[in-house]
Amino acid sequence: SHAPSKFRLHAAWPVVADTTLRDGACAPSVSLALEDKLAIARQLGTMGVDVLEAGFTSSRDDDDFRTLAEIASMARAELPHVCIAALARPSRRELDVAYNAVRSAPCHRVHTFLAASDAHLADVFGITRVEAVEVVANVVSHASALCAGSTVTNAAMVQFTPYDATRADPSFVADMLRAAVESGAQVLNIADSAGHALPSEFGALVAELMHAVGVDERVVWSAHCHNDLGLATANTLAAVHAGARQVETTLLGVGDRAGNAPLEEVVSAMRARPERFACAPTGAMTVEQLEAACDLLMARSSDITVAAHKAIIGRDVRAKVHAQAIREHAEHAHANNRQA
């Protein structure tokens, strides 16, 4: 169990950061009212998710600001151990908005990003590599100053993501990450934004960046993978194997385009194969809890459909798993009766 008002930043198994309510909400099939988001946040926090990224806000007048503020307030009353995170563009003004949206939660996080690939830097932001590193230092320093007043150890923190890192020059990505760490970032999130990488490539990239930047016990490395090639789970697990200690997921893998790494798959894989992960989760998030959370999302957003053979939570998979559990229980009881 978690201690109240203490976020588990460093632990023997990965921090689980769920972004169903932010990245998952980008999916056309996901349509959630505020009361739905609160119910899902409560379910995820109760079952052991460490971080809830609940919105992408730029103004006090937008819906995500209201959602983040409500979830932060709920966390203060009910889930003081869960970190509530807000995503914001690399703008001081928008970072102020994001911080104010979540600051009432005992554990809160401001997450910002900047493109790492040359194409995105030039076409979207209109800046050079040198200017990009300056922007990272500037915005992360500002976010760190906002969070510096936290009274809870490890509770207020800054996360930085080099967007589209898998299609960028790794040496430049390392420059961005060094600037982020030097400016106060505690979480470095490596994103396969286009769902472009293969597992061997993504694991190698995480290892290369960790070596280039240096491993600091105050910094958590994270993975955020999209599923365009059907490899989001595999890439996330490759990152954990390489040393990442945070995984970013969504329920059912919902998200933009082909979605994200599914929470139920990532957690179940680490639980099923603990010998392959020195930091496998233990005692948290059972299959039954994962099924219940997925069912809640489907109930609250009726346009979501799940294939019967979907790993972990598909109807046919559940039927087989439950039948096997009943059979094993009967065999165990029979063996005990024979011994008696």
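Leaving aside its neighbours within four places in sequence, which residues is Val133 in contact with? They are Phe172, Asp175, Met176 and Ala179, where contact means heavy atoms within 4.5 Å. This is a predicted model, in which local features need pLDDT of at least 70 and side-chain atom pairs count only at pLDDT 80 or more, while totals for chains, interfaces and linings use all residues. Residues are numbered from 1 along each chain as its sequence is written, and side-chain values use heavy atoms, with hydrogens and water left out.

Let us stay with Val133 for a moment. Val133 belongs to helix α5 (residues 129-147); helices (H or I, at least four residues) and strands (E, at least two) are DSSP runs, numbered from the N terminus. In sequence, 39 residues separate Val133 from Phe172, and their C-alpha atoms are 8.8 Å apart in space. With a relative accessible area of 24%, Val133 is partly exposed. The scale is this: buried means under 20% relative accessible area, exposed over 50%, and partly exposed in between, using a 1.4 Å probe and protein chains only.

Now for the whole protein. Its secondary structure comes to 11 helices and 8 strands. A closed barrel of 8 strands runs β1-β2-β3-β4-β5-β6-β7-β8 with parallel pairing, and neighbouring strands of this sheet are turned by 25° against each other on average, direction ignored. Two strands pair if DSSP finds at least two bridges between them. Here are some of the pairs.

| Pair | Bridges | Facing residues |
|---|---|---|
| β2 (residues 51-56) and β3 (residues 83-88) | 4 bridges | Val51 and Cys83 |
| β3 and β4 (residues 107-115) | 6 bridges | Ala86 and Val110 |
| β6 (residues 187-192) and β7 (residues 220-225) | 6 bridges | Ile190 and Ala223 |

## Around strand β3

Is strand β3 enclosed or open? 6 of its 6 residues are buried, so β3 is largely enclosed by the rest of the structure. Cys83, Ala85 and Leu87 point one way from β3, while Ile84, Ala86 and Ala88 point the other way. In a regular strand the side chains alternate between the two faces of the sheet.

β2 and β3 run parallel, and the chain gets from β2 to β3 through helix α2 (residues 63-78) in a right-handed β-α-β crossover. Right-handed here means that, with the strands pointing away from the viewer, the path from the first strand over the helix to the second runs clockwise. β3 and β4 also run parallel, and the β-α-β crossover through helix α3 (residues 92-102) that leads from β3 to β4 is right-handed. Helix α3 lies across β3 and β4, running at about 160° to β3; axes are lines fitted to C-alpha atoms, for helices over the stretch in contact, and angles run from 0 to 180 degrees between N-to-C directions.

## Cores and surface

The largest nonpolar core has 92 residues, and Leu44, Phe160, Leu177, Ile190, Trp221 and Leu263 touch the most other members. Such a core is a set of buried Ala, Val, Leu, Ile, Met, Phe, Trp, Tyr and Cys residues joined through side-chain atoms within 4.5 Å. Helix α6 (residues 170-182) gives the largest share of this core, 7 residues. Another core of 6 residues lies apart from it, and includes Val15, Val51, Cys83 and Cys107.

Of the 340 residues of the protein, 54% count as buried. The protein exposes about 14,600 Å², with carbon and sulfur atoms supplying 52% of it; accessible areas come from the Shrake-Rupley method with a 1.4 Å probe, and for residues only the protein chains shown count as cover.
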